[in-house]
Amino acid sequence: MPTATTTDLVSIEKMNLNFGNHEVLKALNLTVAAGENLVIMGRSGCGKSVLAKCIVGLVQPDSGSIRVLNESILSIAPNQLNALRRRIGFLFQSGALYDSMNIAQNLAFPLRHHKELDKKAKRLLVEEALTHVGLAENYYDMPSSLSGGMRKRIALARTIIIKPELILYDEPTTGLDPITALEISELLISIQVKYKAAAIIITHDQACARTTANRILVMNNGAFIAEGSYAQLMQSAIPEVQALVHP
Amino acid sequence: MIPTIGTAIKPIASKVISIYKYLDRSIHFTLQYTKAALAGPYEWNELFRQCFIIGYQSLPLVAITGLILGIVLTIQSRPTLAEFGATSWLPAMVTTSIFREVGPVITGLLFAGKIGSAIGAELAAMRVSEQIDAIEVSGVNTYQYLIAPRVTATITMLVILTIFSMAFSMFGTYLGMNLNGVLQFRIFYVQALAHISFIDLISSLIKSAIFGFAIGLIATYQGFYATKGTSGVAKAANKSVVYASLAIFIIDVIAVQVTAFFR
């Protein structure tokens, strides 16, 4: 695995995590460079989502170090952690839209700490984000009235509305039909181009990985077992990698 | 086979550790709420929304229950007092029991059932669907945004609704009195309030505030730390009601002793 440099947005070293007697993450090392789309592939339950939650401080590892945007996640004060999180976008697997709020309120929620923005500026940002994901006409809808694909797009719009420097996508295409999944993958590319943000994309969807990745890490049982482009991984002799990347 | 000391102690040690962790988490949760409630910044919009949901939407239930309670207590107590020729004591006796005990406790139990389960289930559903994680990742303090408004609204609304409950119970008592003859409204209130002291009212309201604190804190805790899955939501709602109801009775026993000291 590559060694960390000062320009890396994310740098993880020797991170271990156990849930009881179960080893979830084993001595993980990881770096993400500015503007890079890093895809982490692996079977369900191999620890990908837990890794993403460790990066934003939702889960505390047992040992190791995590630096995100030049801050050490494990030793940072709670207020500073909240300030750091406002520079990071996170797309949850389920979308995690707030049931009690309409779409506009959902999108405006991450902007609540941006005091420099007045009501009109926030409304413009919400409209811009909704237009980017092609759902501008759903401004006042409630999340419960939307399809799975639309919910994912709205969650994506909420993720990018703060123009984050780093975005974590947890299974962005899971549960979607191939056409909608492809549309979401193309959206991830357009976000990378438009916002110049680095991204960690966690998926087991081959098409999503092939479309979006600048680099791919393959995870198995809590450890990285391979790294490279999709084409390079296709040549891998490791059975677990073959099972993931071959159609 | 005879178990070794090690194998015998292991489950006990594991139980002790889990109790310690539970207590540690509960204390941390309570302190975080206290810090969020006292230090702010306050989520006023969320607080008013919760006050509307918790208070205004519970008013019909509290009013009807209070009214019926007043009528029933009057009808049930009348024969006993009649045996001693003391029916004139009926308004004072029923009102005293409403002010001192029945009003706060019944309203508290209604709240534990209606509001405790609703808060527990709502937060548990938010936990299961990763909405709480999403709030945290947005850099928003979940204690300030989710916990403090709900607990504070529960405390405030329970005190206000206890006053409403007492008023409706007294009106129910008046109706109950008039089932067996005519009693003037003014005379009824003079008789009813003659034996109510300031300490009766204040102790009831303080007790209601403590009930509200317990209900709000227990329900938000159960929801906030719900385990994953739909069964986690059901468990959180159930535990909220059971623990909050139990807490009300325990607080009541202590409050009665403390109030007796001042009376």
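Helices (H or I, at least four residues) and strands (E, at least two) are DSSP runs, numbered from the N terminus. The structure is a predicted model, in which local features need pLDDT of at least 70, side-chain atom pairs count only at pLDDT 80 or more, and totals for chains, interfaces and linings use all residues. Residues are numbered from 1 along each chain as its sequence is written, and chains are lettered from A and ligands numbered from 1 in the order in which they are written.

**Helices of chain B**

The expected span of a helix is 1.5 Å times one less than its number of residues. Helix α1 of chain B (residues 5–39) has 35 residues, and the distance from its first C-alpha to its last is 50 Å, close to the expected 51 Å. A residue is termed buried if 20 or more other C-beta atoms, placed from the backbone, lie within 10 Å of its own, exposed if 12 or fewer do, and partly exposed in between. Because the number buried is 2 of the 35 residues, α1(B) lies largely in the open. Just after α1(B), a positive phi of about 70° is found at Gly40(B).

Helix α9 of chain B (residues 230–262) contains Val256(B). This residue counts as partly exposed because it has 14 C-beta neighbours inside 10 Å.

Two strands pair if DSSP finds at least two bridges between them. Chain A holds an open sheet of 4 strands in the order β2-β1-β4-β5, with antiparallel pairing. Its edge strands, each pairing on one side only, are β2 (22–33) and β5 (71–72). The pairings are listed below.

| Strand pair | Bridges | A bridge pair |
|---|---|---|
| β1(A) and β2(A) | 8 bridges | Val10(A) and Val32(A) |
| β1(A) and β4(A) | 5 bridges | Val10(A) and Val68(A) |
| β4(A) and β5(A) | 2 bridges | Val68(A) and Glu71(A) |

**Contact between the chains**

Residues are in contact if their C-beta atoms, placed from the backbone, lie within 7 Å. Chain A contributes 15 residues and chain B 11 residues. On the side of chain B that touches chain A, 3 residues are nonpolar, 5 polar and 3 charged; here Ala, Val, Leu, Ile, Met, Phe, Trp, Tyr, Cys and Pro count as nonpolar, Asp, Glu, Lys and Arg as charged, and the others, Gly among them, as polar.

Conventions: Two residues are in contact if their C-beta atoms, placed from the backbone, lie within 7 Å.
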